[in-house]
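Please keep the sequence and the coordinates at hand while reading.

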Amino acid sequence: MAVVTQASGITAGVRPGRQRRARRRIGLAPKIGFVILLILLIATMAAPLLSPDNPLTLDLNSRLAGPSAAHLLGTDLNGRDVLSRLIYGTRSSFEGIAIALGVTIVLAIPWGLAAGFGGRVADEILMRVGDGLLSFPPLVLAIGVVGVWGPSLTHSMVAVGIIFAPSVARLLRGAVLPLRRAEFVLVARSLGVGRLRVAFGHVFPNAMGPVLVQLFSLGSIALLLEAALGFLGLGVSAPTPSWGTDLASAYTYFSTLPWATVFPGVIITLGAWSISIVGDGVRDWLG
Amino acid sequence: MIRLVGRRLVTSVITILTTSIVVFALRFVLPGGPVEDILGQSSGVVTQVQVDALKQRLGLDRSPVEQYWIWAKGVLHGDLGQSYYSSEPVTRILGQALVPSIELIIGALLVCVVIGGGLGMFAAIKRDKRSGRIVLALTGLGLSIPDFWFATIAAGVFGLSLGIFPAVGYNTISADGWASNIYSIILPVFVLSMVTASFLARHLYNSLVETLDRPYVRTAWATGLAPRTVYLRWALRAAVAPVLTFIPLAVAALISGTVLVENVFNIPGAGTQIVQSVLHQDYNVLQAVVLGSGVIVAVLNLGTDLITATIDPRVRAHG
Amino acid sequence: MGFGSAVRGSRSRAPHAAAAPDSGSGAAPGDELLAVRGLEIEFGADRGSGHQAVRGIDIALRPGRVVGVAGESGSGKSSLALAVMGLLPPGTVVRGSIRYDGDELVGLAEKQLRRYRGSKIAMVSQESTAALNPTLRIGQQMRLVLRAHFSADRGQLAQRMVQALRDVQLHDVDRVLHSYPSELSGGMCQRVVIAMALACGSQVLLADEPTTALDVTVQGEIIRLLRGLVAQRGLALLMISHDLAVLNEICDDLVVMYRGEVVERGPITEVLRAPAHPYTRGLLNSVPRMSNRGTDLPTLPMFDSAEAPGTGCRFAGRCAWRVDACAERQVLLPVPAGAVDPARAARCHRVDELTEQPEGLR
């Protein structure tokens, strides 16, 4: 393919046919993150099989024990096995993430589509409401909702889901707006396909990528918020294992056993990091 | 330019109105409501007559729209109601609680701009060197460590174990003087700033690296400007404009962060207040803190948009 | 333009590996303001996989004269300008000699180089609007540049700025000084860029495709402006372009570059009248003309960049005049037809035949 540029008349083919932009390679970090995430998910499903001990069993004879063969990560103030609690804690975390993202998706899809396909007025109203919600620091609004509904994992994570919804709705709307006029939507519409069918059949596949990436980063934030609320004592109720609550209780005996705060901290960090880095990998993979 | 400002003002007012409605609506998602709580605490048996009487006294018998109107008017007049728990006016409680919180947030912002800005610039200028890459990796680490865990470790190590800084408590300026006040918040401020500083550093790094590759930066080198001038006077200005949108995000993150940090360090600020208000079911205080945080972020968003418009002629021309 | 993106880390730039200038001829002929001798540029030499962008280039700039450099993108012509400015990306190795008024620039430390940049040697590059800082007013940018070279008070600096803008025939000087680049037209921006380049008294100007991004009428204005500056100030101008028509309007001498080498040099009228290298011919033939309207423009076959540059002629793969000797070695021969001028030379075995059939390919 010899291209003659008008100004010079010289063939522009300096490089032999530049390659089409391939999907970017996925780096090492997302792969590591994926493995960690997989392990955590398996722990969620198979907690009873994996944990060496019952996370709720009190053993007042071995309180605040260091790592040993019986308790790989030691025991807490009540003599409960720390490792088992961390493994069971994945359930609180991922249940929380599931609730939050579920609420987000259920709210955001109609919200974003209505804003994108609806007229200017509907768009304006829905986006302003979104702005209003987005103005709140997520933790503060979540605490506000928990304060009214009462502390519980479900309450707090439903609140988090509501707070997340406008950011996803905004993405969907952004994906819909250019599509609204795009040819294939016009063609579909002229063939008598209803608005909703157009939305689900044609708009979704196009908007899916960015939404998926966003859901990963929200999932990571949800994990941190679940831990933070638990840490403040506003998340799961007392004996249920949760990384945030366990971190808070480990801090109460920091002077006696400083490194007890390390395990829940590390697992929270790894959990949040793995989800967000897998999201990055998905973004790179989608190009 | 004036149209841009006008448009932004209108949308901000709408946003703030929405935040207030959101906050107010929190009340109505509650099945029982404060009435039952208040009566339930004082006596065992609650009659419908008692409930109705109290509802009327609190204005809860009116329609939600009316109630909102009365509440919003009160808020605009600086009346946020009374604490159900201590019967003090909410404004007084907040007035006291806000001092340490604002101090923490402003302190953290300053530290964040100095450290985060410095690290971001360093990483961008040294991007081809190992030192630059190490700094960049450190900021990545800073972003992924949860601030409440970092807070416990900092408080534990420097406060409880080493005893260099207080692990808990807050010394007020009026009672203990400036030095003691600052001494008591050094650790929390440092902890609080870590996440936002890392965030700012990465933001500024990306923006600056992109700017340094621009033809106009080559112009600067080609005209013989000194590196300091090129980085600070020539490139930074262009790189900072996109970073400005960071401020409201940072403040929102700092507000969330201060809730956690105040609770770890036991500082009597708005962050401990909001958690207390949940435990005491003190809805008016809770509502006020939530509303305040939303309004602050909305106002900051407006402010940065306007500043961006004045700094960056590209926005000004096309806004 | 690929290299342009890597102007950075000036202080941390890998040392310009200084090799001794190739001969004892040391002192350049008195009127040479900028003398480039045996210049070689190698990118990524620090990573082991060096890519030689420029090899063995000699160019001399004299006051009041314009030397044109022609070549397609990737020929190394922009790297040449960046090498003179000392603005090549980190890790680039520069060998040979670049002398400004007798001072050797290759191997100079960044700090010393800065004394030449902008005040002795200036550069103007392609995208005029992108070459100015979008977030600073023209006046602020010029003041920063002037302050880098003069210690003068605000008033004196303002006077200098006004004068510099008048010199490039900008009339509404006050408005320009208070404008952001986005508020000026492309042509005005290019004038400002030239004014900034020359404001500190540079006598050598390297213009890298200064008119490419502009439309044709503005192109003409900028060329007239540059011509005027050369005539009035005795500027030594190096004009880099892929456009022979533009070069023909302003240059005294022409250097044709192909894949990092000079393939032909000489007075521009001579070179364009009777090109002595097949590549130059190809360039010239592919310029659209009224006379061959309607016919397809001849194109040069593409070159394969993967092909290793051996000892042979780098153009051989695309050359219609190729003989066996081309694959083995290359020669830089004087062009007999212009033997009166010793600077007239072409890198081709068949110089004689080529000059005998000036219209050979047409």
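## Terms and basis

A residue is called buried when its relative accessible area is under 20%, exposed when that area is over 50%, and partly exposed in between, as computed with a 1.4 Å probe on protein chains only. The model is predicted, so that local features need pLDDT of at least 70 and side-chain atom pairs count only at pLDDT 80 or more, whereas totals for chains, interfaces and linings use all residues. Residues are numbered from 1 along each chain as its sequence is written, chains are lettered from A and ligands numbered from 1 in the order in which they are written, and side-chain values use heavy atoms, with hydrogens and water left out.

## The interface of chain A and chain B

In this model, 36 residues of chain A are in contact with 41 residues of chain B, a contact being heavy atoms within 4.5 Å. The two chains bury about 3,300 Å² between them, 81% of it on carbon and sulfur atoms; buried area is the accessible area (1.4 Å probe) that two parts lose on being put together, summed over both. On the side of chain A, Phe136(A), Val148(A) and Tyr251(A) lose the most area to chain B, together 18% of what that side buries.

Helices α4 (120–134), α5 (138–149), α8 (195–231), α9 (243–252) and α10 (262–286) of chain A each supply at least two residues of the side that touches chain B, where helices are DSSP runs (H or I, at least four residues) and strands are runs of E (at least two), numbered from the N terminus. The largest share of that side, 11 residues, comes from α5(A). Its residues divide into 26 nonpolar, 8 polar and 2 charged, with Ala, Val, Leu, Ile, Met, Phe, Trp, Tyr, Cys and Pro counted as nonpolar, Asp, Glu, Lys and Arg as charged, and the others, Gly among them, as polar. Across this interface the rule finds 0 salt bridges.

## Salt bridges within the chains

Because Arg173(A) lies in helix α6 (residues 153–181) of chain A and Asp123(A) in helix α4 of chain A, the pair ties together parts that are 50 residues apart in sequence. Asp123(A) counts as buried, at 11% relative accessibility.

In chain C, Arg62(C) forms a salt bridge with Asp31(C), the closest N and O atoms being 3.3 Å apart. Arg62(C) sits in the loop between β2 (51–61) and β3 (66–70) of chain C and Asp31(C) in the segment before β1 (34–43), so that this pair links distant parts of the chain, 31 residues apart. Arg62(C) is partly exposed at 28% relative accessibility, and Asp31(C) is partly exposed at 42%. By contrast, both Arg117(C) and Glu110(C) are buried; the closest N and O atoms of their salt bridge are 2.9 Å apart.

## Confidence in chain A

The mean pLDDT of chain A is 78, and 79% of its residues reach 70 or more, pLDDT being the predictor's confidence in each residue, from 0 to 100. Over residues 1–23 of chain A, pLDDT stays under 50. Where pLDDT is low, the predicted coordinates should not be read in detail.

Note on methods
Salt bridge = Lys/Arg side-chain N within 4 Å of Asp/Glu carboxyl O.
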